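Visitor: I would like to learn how to read a few features of a protein model. Please take them one at a time.

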There are 2 protein chains.
Amino acid sequence: MYIGVDLGGTNIKYGQVSAQGELRELRSKPTQSHEGPERVIQRIGDCIEELLGENDDPNQVRGIGIGTPGPLDFSSGIVYEAPNLNGWKNIPLRDHIQNRFQLPTIIENDANVAVFGEWMSGSGQGSRNMLGITLGTGVGGGIIIDGQLYRGTNGTAGEFGHMTLFPNGLLCGCGNHGCLEMYASGSALVRLAREAIETDSTTMLTKMIEGDVTRLTAHLVHIAMQNGDALATHLIHTLAENLGIAIASLINVFNPEIISLSGGVANAGEDLFGPLRDVVKKRAFQRPVEHVRIVQAQLVGEAGVIGAAGLAKQYCQGSAAA
Amino acid sequence: MYIGVDLGGTNIKYGQVSAQGELRELRSKPTQSHEGPERVIQRIGDCIEELLGENDDPNQVRGIGIGTPGPLDFSSGIVYEAPNLNGWKNIPLRDHIQNRFQLPTIIENDANVAVFGEWMSGSGQGSRNMLGITLGTGVGGGIIIDGQLYRGTNGTAGEFGHMTLFPNGLLCGCGNHGCLEMYASGSALVRLAREAIETDSTTMLTKMIEGDVTRLTAHLVHIAMQNGDALATHLIHTLAENLGIAIASLINVFNPEIISLSGGVANAGEDLFGPLRDVVKKRAFQRPVEHVRIVQAQLVGEAGVIGAAGLAKQYCQGSAAA
């Protein structure tokens with residue numbers, strides 16, 4: 001067994017995962033990040049101790065994997081910073097945990113562990129090459145090449161949200177103009193809806209939010225589309241078009257077997273995937289398009305824990321082989 | 001030693017390459033592709049025989065690698081088609097050569113062998129992750145991940161020229177709109193120059209080509225820039241800007257150590273690379289930009305032969321290990 005931990009700004013999710021990638025039971029504790037890094041690390045350790053204590057044979061657990069938000073260094077095990085966690089700056093998280101439990105431990109960023117989990121036990125099972133794209137507050141992602149997580153030279157690979165879609169487009173938080181994230185994230189959908197309903201008197205969205213624009217969500221826009229709302233349909237089709245342009249580029253560059261989409265926007269299902277596939281077919285090369293499957297992620301909420309444990313397993317096996 | 005062959009529409013280049021990636025002597029024969037595939041395959045075999053005959057010990061050669069234009073299947077060794085070679089349709093090139101010489105043989109597309117050669121013995125030496133981009137008639141490329149050529153699921157990975165740069169841009173030969181190739185290839189530079197000189201009365205390009213627009217080349221535009229020509233400078237800076245947008249996206253996605261540019265346009269050297277790096281710095285994430293080197297390829301003309309031999313070596317060693 002391997003222990004997977006998915007450290008988030010709100011909750012710490014954790015669980016034991018078999019070598020075959022099966023999660024025994026998903027558990028969760030509030031992160032309480034306001035208490036600072038030391039207490040949060042203590043709490044992560046307590047989660048691990050809780051799991052270890054439940055095994056008849058504590059030696060059954062071979063390693064620990066932790067997914068954390070923000071940039072980090074895999075080889076030194078240091079979290080450089082974590083935007084959603086108070087006071088996290090250059091924290092040697094890996095060594096804290098490894099020293100406490102004397103078990104091989106790895107840390108990896110949360111987008112990468114989620115994609116690795118989805119590859120191991122979700123929509124990517126059995127594939128060699130897969131791209132995972134998360135359409136949430138931002139647009140993140142991860143890359144699996146030949147059954148391995150591809151981290152890049154500094155661990156920053158997979159930032160699909162910051163591919164330039166429109167060179168003269170909207171200013172992105174990263175400093176670039178026209179990033180995909182500005183057009184295809186859940187936040188982008190909400191922002192575009194908010195702008196559009198100001199001048200659209202026919203959309204049912206106005207009624208649905210009862211005059212309170214802060215109630216707008218990607219989910220609500222999709223419900224309006226399902227009820228035949230023209231504006232909502234237009235917004236989701238435009239998002240599909242923009243996302244399709246970027247995915248067609250990724251298909252020409254990566255020639256992957258699977259592209260797996262997760263996050264709130266992906267929950268629109270075929271209402272999104274249908275028009276998306278049409279755009280991709282028009283723009284990408286025929287041969288790689290014929291061989292790629294663009295699918296919705298399957299492991300909602302569990303991917304991070306499974307992926308963190310899976311990376312711990314791969315790390316342990318790699319170390320054993322080396 | 002390994003034998004490398006680089007099959008082109010005009011010439012067959014070939015040579016012996018040491019296990020360390022050193023090319024002994026580059027040779028070349030006309031392809032005479034009009035004679036059809038059978039005669040061309042015979043000729044490739046004759047090149048190989050010529051090299052084998054010069055070794056004191058013919059067993060010194062361990063394998064043969066052949067780079068060919070057009071799509072192919074690595075595992076079956078079949079060339080699906082080769083746009084610049086008459087009558088090439090589903091040709092089992094690998095087996096023809098392997099049967100004649102009873103030596104392990106691999107085939108790979110010409111863009112990939114060139115990038116692999118450049119990684120082994122040129123600008124990519126010592127790196128783990130590299131992207132090679134060729135700015136020639138079109139824009140092609142190849143991907144090295146963790147010291148291995150990344151082929152993708154069907155061997156079509158690395159088509160950087162068909163990333164969408166302007167979603168509503170020029171119609172590309174591939175059917176997509178706004179492909180990078182339409183803005184950053186040598187042909188694109190010549191086309192843009194041709195259009196521009198019609199309305200620009202001050203450029204020295206008009207005089208340089210003596211009224212014959214078919215004389216326009218990427219090299220000529222660069223010479224005009226070196227002589228202070230405003231139009232030529234504008235054209236190369238615009239190309240650098242457009243290429244920089246795409247390269248910034250690739251840096252955010254791949255976080256590579258090296259991006260190596262080859263082909264006619266890359267010969268503009270710092271006149272291209274200077275403004276290109278400025279654009280990349282403005283658009284890509286800071287950490288991966290700090291760690292990437294954007295450089296000119298070093299192995300002009302030899303990269304294909306070296307890379308083909310190198311892939312043969314990697315294949316032989318992989319087979320031996322398995």
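Guide: Helix α7 of chain B is followed by G228(B), whose phi is positive, near 85°. Keep in mind that this is a predicted model.

Visitor: Where do N90(B) and Q102(B) lie?

Guide: N90(B) belongs to strand β7 of chain B, residues 89–91. Q102(B) sits in the loop between α2 (93–101) and β8 of chain B.

Visitor: Is Q102(B) buried or exposed?

Guide: Residues over 50% relative accessible area count as exposed. Q102(B) has 64%, so it is exposed.

**Burial in a helix and in strands**

Visitor: Which residues of helix α7 of chain B are buried?

Guide: Buried means under 20% relative accessible area. In α7(B), residues 218–226, that holds for A218(B), L220(B), V221(B), H222(B), A224(B) and M225(B). These buried residues pack against four helices of chain B: α5 (186–197), α6 (205–208), α8 (230–254) and α9 (270–283).

Visitor: How do I read burial in a strand?

Guide: Check the residues on each side of the strand. In strand β8 of chain B, T105(B), I107(B) and N109(B) lie on one side, I106(B) and E108(B) on the other, and all are buried. Because five of the five residues of β8(B), 105–109, are buried, the strand is largely enclosed by the rest of the structure.

Visitor: What about strand β10 of chain A?

Guide: Seven of the seven residues of β10(A), 139–145, are buried, so this strand too is largely enclosed by the rest of the structure. V139(A), G141(A), I143(A) and I145(A) point one way, while G140(A), G142(A) and I144(A) point the other way.

**Strand pairing**

Visitor: How do strands pair?

Guide: Strands of a sheet pair through backbone hydrogen bonds, either parallel or antiparallel. For the antiparallel case, take β9(A), residues 130–135, which is joined to β10(A) by six bridges. L135(A) has V139(A) as its bridge partner, and the hairpin between β9(A) and β10(A) passes through three residues.

Visitor: How many bridges join β10(A) to β11(A)?

Guide: Two bridges join β10(A) to β11(A), residues 148–149, and the strands run antiparallel. I144(A) stands opposite L149(A). This hairpin has two residues between the strands, and D146(A) in it takes a positive phi near 55°.

Visitor: Which strands show the parallel case?

Guide: In chain B, β4(B), residues 63–68, and β8(B) run parallel and are joined by five bridges; there, T68(B) has N109(B) as its bridge partner. In chain A, β4(A) and β8(A) also pair in the parallel sense over five bridges, with T68(A) partnered by N109(A).

**A sheet and its helices**

Visitor: What is the strand order of the five-stranded sheet in chain A?

Guide: The sheet is open, with the order β3-β2-β1-β4-β8 and mixed pairing. β3 (27–30) and β8 (105–109) of chain A are at the edges with a single partner strand each, so one side of each has no neighbour in the sheet. On average, neighbouring strands are turned by 20° against each other, direction ignored.

Visitor: Which strands does helix α2 of chain A touch?

Guide: α2(A), residues 93–101, packs on the sheet and touches β4 and β8 of chain A, its direction making about 155° with that of β8(A). Helix α3(A), residues 110–121, touches β1 (2–7), β4 and β8 of chain A, at about 105° to the direction of β8(A).

**Two helices in contact**

Visitor: At what angle do α5 and α8 of chain A pack?

Guide: The angle between α5(A), residues 186–197, and α8(A), residues 230–254, is about 140°, and their axes are 11 Å apart. The two helices are therefore oblique to each other, and α5(A) passes α8(A) in a right-handed crossing.

Visitor: Which residues meet in this contact of α5(A) with α8(A)?

Guide: L189(A), L192(A), A193(A), A196(A) and I197(A) in α5(A) meet L231(A), L235(A), I236(A) and L239(A) in α8(A). By class, the residues of this contact are nine nonpolar, no polar and no charged.

Notes. Residues numbered from 1 in each chain as written. Chains lettered and ligands numbered in written order. Predicted model: local features only at pLDDT ≥ 70, side-chain atom pairs only at ≥ 80, totals over all residues. Heavy atoms only, no water. Buried < 20%, exposed > 50% of the residue type's maximum accessible area, 1.4 Å probe, protein only. Pairing = 2+ DSSP bridges. Axes fitted to C-alpha atoms, helices over the stretch in contact; angles between N-to-C directions. Contact = heavy atoms within 4.5 Å. Parallel < 35°, antiparallel > 145°, perpendicular 65-115°, else oblique. Left-handed = near helix turned anticlockwise from the far one by under 90°. Nonpolar A, V, L, I, M, F, W, Y, C, P; charged D, E, K, R; others polar.
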